[in-house]
Amino acid sequence: MKKYIVILTVTIIALAGCKRDFDAVNPNAPTIASFWKNETDATKGINAVYGTFYRTASLYSRWIYYHGILKSDEGFGSGGDGGLNNLMRFNQTNYNDGLTADTWQTLYVGVFRANQVIANVPNITMNETTKKRIIAEAKFLRALFYFNLTLYYGRPPLMLAPSQPKDVPRNATTTEAYAQVAKDLTEAIVDLPVSYPAVDLGRATRGAAYALLGKTYLQQKMYQQAADAFAYLITGAGASTYTLTADYRDNFIITKENNSESIFEIQFNENVNENTDDDVNEGAINNTGTSIAQFFAPPGVGFSDGGARRWVVDEFLQERTVANAQDPRLAASFIFNNANPAGPTATIVYGQTFQSRYGNGPDANGVWFRKLLNDHWKNQEGFRSPNNYRLIRYADVLLMYAEALNGLNRTAEAYPYVDRVRQRAGLASLTAAKPGLNQAQFLTQLKHERVTELAGEGWRWADLQRWGDLSPALATRDADFTGFIVGKHEVYPIPQGDIDLNSNLTQNPKY
């Protein structure tokens, strides 16, 4: 925004016929250097980095769930958004397409903001503990942005200092990019607190950094490093900080946010007076809620732009609880005709029965993701949901720790961590149900466990990518994968506009 203000000022001066040296610094123009003066500025700066989460629809307000959920085999574009539907079918011809190019751009907005904090806060005279914490938060957030850039685009350029107009960075390799994520997180861990007072809930903690570090290593199949990172939360100093909630559903409702299972979640709140998603427009009121519920909610309530595949429901029906009941995670995760085992006349969808809403019509066999919705407290959706997104949960860490141990051929040691997740859901322990699995069999079982525990939470694409399971073979349960090309569609194209402006950037293979 400041760039355009400066351009406008120069134009007015030129038209007035004034003579001046346009290379000279304009003393009336705001500068980055003039901002970073005190602890208040440092706090505002780091808060702006967090603000990137819901800057436009392109990150955690909406589109990040498209990338992680709908693009995988558990979901699909089910509504009238043709651009979204084509992208989910791996049919992308415009490499400046908003859904991918805007996500890339906004992630780099976050990187830019984090870089400003990392570069400028060290020079501020302020409380040293607070200073170190703020810099550590910025490194955690930069790591999260680069984790997403690497996961979805494969070879992002690394910008590690405040960017300049003439910067032309090259692509990093995927290995280099993940190494930088790990470096940022390792450095952040030292100065991040274990917890915060209520007023600061939602800021990055030491546990969040360890969890994301473990994810980063696991994504590369660096099992020992991943296990070491996860161990902090499970057997190490952080073990007393986190525990599974007694009720699985508590992880997805607004009255149980920031609970004992939450390791890092995106904080949302409803601002009924909002009129913009542009957080740099100081003349407007920013939307600090998320719009995903409006787009994921079923017909008659929302736009139904994203739906779930029916095979995911069947995955839950493979086992019953020790009390011979349906896995409670199924109804907590999805809206569909038999979410209540008594059927569509007993299944409630936003205050009405499934039968009364959809009967035998075209949506009678529809399945919709429930975890990001608000049906637990109201009968309609909107564009400013206050329901937090639980980005990393303790259950996820337990399953990833088990995967890392299994990757180290320590399968017997991995069983107890899967047991904890299953028993919370009322299932028999894996130790009792399937003892003695070998390494390959255990990984196959883990794939099932991650579906039933984490479906609709945004990690399915990362899982499939890590396991090497992305291929046209997935078309047997998701027809969209008919168009999947191995060696191409594992990542998005790098926006063509960026390549046009930077001769050092190259496009991803086969695009």
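Figure 1. Beyond the residues up to four places away in sequence, G45 touches W36 and V117. This view, like those that follow, is taken from a predicted model. G45 belongs to helix α3, which covers residues 39-51. With a relative accessible area of 8%, G45 falls under the 20% limit and therefore counts as buried. From G45 to N271 the distance is 22 Å, C-alpha to C-alpha, and the two residues are 226 residues apart in sequence.

**Figure 2. The aromatic pair Y95 and Y511.** The whole structure contains 36 aromatic pairs. In the pair formed by Y95 and Y511, the ring centres are 5.4 Å apart and the planes meet at 85°, so the pair is edge-to-face. Y95 is in the loop between α5 (82-88) and α6 (98-120), while Y511 is in the segment after α20 (496-501), so the pair ties together parts 416 residues apart in sequence. Y95 is buried, as its relative accessible area is 18%.

Figure 3. Ring pairs join Y50, F53, Y60, Y65, F140, F145, F264 and Y389 into a cluster. The largest nonpolar core has 139 residues, and those with the most contacts inside it are F53, Y60, Y65, F140, F264, F296 and F334. Helix α7 (residues 128-153) supplies the largest share of this core, 15 residues. In soluble globular proteins, nonpolar side chains tend to be buried together. Setting aside neighbours within four places in sequence, F140 is in contact with L185, A188, L192, A204, A208, A209, L212 and F264.

Figure 4. Helix α9 is made of 14 residues, 206-219. At 1.5 Å a residue the helix should span 20 Å, and its end C-alpha atoms are 20 Å apart, so the two values agree. Twelve of the 14 residues are buried, which means that α9 is largely enclosed by the rest of the structure. Among the buried residues of α9 are G207, A211, L213, K215 and Y217. Just after α9, K221 has a positive phi of about 60°.

**Figure 5. Two charged side chains over rings.** Where does the charged end of K215 sit? The charged end of K215 is over the ring of W459, 3.4 Å from the centre of that ring. K215 is one of the buried residues of α9. In a second case, R309 lies over the face of F76, with a distance of 4.0 Å to the ring centre.

Conventions: Residues numbered from 1 in each chain as written. Predicted model: local features only at pLDDT ≥ 70, side-chain atom pairs only at ≥ 80, totals over all residues. Heavy atoms only, no water. Phe/Tyr/Trp six-rings, centres within 6.5 Å; stacked < 30°, edge-to-face > 60°. Helix = DSSP H or I, 4+ residues; strand = E, 2+ residues; numbered from the N terminus. Buried < 20%, exposed > 50% of the residue type's maximum accessible area, 1.4 Å probe, protein only. Lys NZ or Arg CZ within 6 Å of the ring centre and 35° of its normal. Contact = heavy atoms within 4.5 Å. Expected span 1.5 Å × (residues − 1). Core = buried A, V, L, I, M, F, W, Y, C linked by side-chain atoms within 4.5 Å.
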